[in-house]
Structures are given as structure tokens and as C-alpha cells.
Amino acid sequence: MSWHVAEEDLRAYARGELQPPLLWSADTHLAGCAECRAVLASGWDSGVLEAAWERLDAELDAPRPRPFERLLLRLGVAGHTARLLAATPVLRRSWLTAVALVLAMSVLTARAGHSTTLFLALTPLLPLAGVALSYGPVADPTYEMTVVSPLHGFRLLMIRTVAVLAAALALTGLAGLALPGFGLGAFTWLLPALALTATGLALTPRLGPVTAPGLAGGGWVALLLVAEAARNPGDHALAPFTATGQGVAAGVTALAAGLLFLIRDRFDQSTGGVR
């Protein structure tokens, strides 16, 4: 072979600075010229080569983002935030399928008995359970990753809470459309759901991510039992689903949200909270 790549071009090639069309010509020539490859190897910075291999290994070993994570990235969500959201246990198919089955059974029960009481009583517990299972060392398999993530604990909690609420409330809203006699009464679960979720979160720094939502859910069940016992034969709805009950739920939501904002820094502490 009578022609060889100039040494200056080989040095630029090694530094990654050689521009087309010289780059294309050098690539083609190096594939068949051992002499030029030897000259290139003698002037090659081994540290650059090792760094390039490390980058390639990291790229090949990196887990491929799932569809939900890719969607978040396309919407402009930061990479580490998208990864933490995608790893939220209750945003996985198994949990969402379980929620859908529970809602389907409650809707079928309502249609068979022409009563929406079971549906309205059950659905506020689903977002509460979903949020409870979205963080903390007991339920979250990515807890260690969240601890070292560059996010304020309260912010991470709120991001996951909004994501879980959006998924649970969307499924519940669709199920409400299938209730017999569909109307505004089919959505009286919404304010109790928000009140229970906010209360459970506000109690978490003191009671922990398991006890707090459990206490809130138990209080809701007790309230329903008391309301059922005090229900008059002519009442069409339990007290929590009347206008007065909805107002109380809205007030509890506002109070719990205010308390949650005041104690937001406690979610970065290592005792009893998210971290």
C-alpha cells in the first residue's frame, strides 16, 4: 500500500478531533493497513482508551428504561426522578391490576344490589394503601436508592404521592362511571380519599409509614360502622357521603395538608419517616 495516513492526522484521530471526510478516509485505511495501526497504537493515550471502554461498559450494563420511565423522560422529568417514579411498587402492573379487580368486584356488587355503599366505602382506602406502599424501608424495594437520591425527602414523597393518586383516582373514576344511576353521588368518595391520604401522610413522621396509614384506614372503617349504626331507615346515603360529610372531609384534607407542609422537614430525618 503506497499511501498512508499522515502522522498529524493519526494524532488527531487518536484525540477524536479528526473531521470528515478525512475521518472516513482514515477509518477505511486503518482497517487494511497494519503499519498505520502500529503508528496509531504507539501514540494512543491508554487512559483515553480505558475511559472509552468504561463508558461503553456502563452503557451496555445500564438497565433499559421501561415504557413508563421513557414517557416521563419525554415529558421532561429528570432522569433520576423518572427512575425513582418508575420504581414505585404500586405503579407496577400487578398492583394496578389488583386495584382494577377490586373496583370491578365492588361495581358488580353495586349493580347487583343497586347500592353504591360498598363502592363508596372501599374506594377511599385504595389511594391510602397505594401511597402507604410507595415509600419506606418496609414496602419499597428501592428505599436505599431513594435515601441517597438528590431529592428532598418531602419532595420525593409528594412526587410519588401525586403519581399514585393519579393512577388510583383515574381507575376509581372510570369505575364510578359504571355504577347504576351514575351521577354526582358516584364521586362522593373523592374528598374522603383525599382526607384519608393527607391524614395518613401527616401522621407518618411520628407513627411510621405502616402504622400511620393503618390508623387512618382503621378510623375510616370505624366511622363507617358508626354511621351505619346511626343511619335512619329513610336515609339514602351514609353520613360521610352527604353534603355535611363532604364538607367535613374537605376540612380534614385542608388541615392535614397544612400540617404536612409544616412538618415537611421531618421526612428527611432517619426516625419514623421516609428516611
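Let me begin with a convention: Ala, Val, Leu, Ile, Met, Phe, Trp, Tyr, Cys and Pro count as nonpolar, Asp, Glu, Lys and Arg as charged, and the others, Gly among them, as polar. What we have here is a predicted model, in which local features need pLDDT of at least 70 and side-chain atom pairs count only at pLDDT 80 or more, while totals for chains, interfaces and linings use all residues. Residues are numbered from 1 along each chain as its sequence is written, and side-chain values use heavy atoms, with hydrogens and water left out.

With that convention in hand, the lining of the largest pocket has 13 nonpolar, three polar and no charged residues. A pocket, on a 1 Å grid over the protein atoms alone, is an open set of points where a 1.4 Å probe fits, with protein on both sides within 12 Å along at least five of seven lines, and its lining residues have an atom within 4 Å of a point.

Now to helix H13 (211-229), where helices are DSSP runs of H or I with at least four residues, numbered from the N terminus. Its buried residues (under 20% relative accessible area, with a 1.4 Å probe and protein chains only) are Ala-212, Pro-213, Ala-216, Gly-217, Trp-220, Leu-224 and Ala-227. Because they cover an arc of only 135° around the axis, taken from the directions to the C-beta atoms, they lie on the same side of H13.

Finally, Pro-124, in the loop between H8 and H9, counts as buried because its relative accessibility is 0%. Leaving out residues up to four places away in sequence, Pro-124 touches Trp-189, Pro-192, Ala-193, Leu-196 and Trp-220, where contact means heavy atoms within 4.5 Å.

Notes: Helices (H or I, at least four residues) and strands (E, at least two) are DSSP runs, numbered from the N terminus. Buried means under 20% relative accessible area, exposed over 50%, partly exposed in between (1.4 Å probe, protein chains only).
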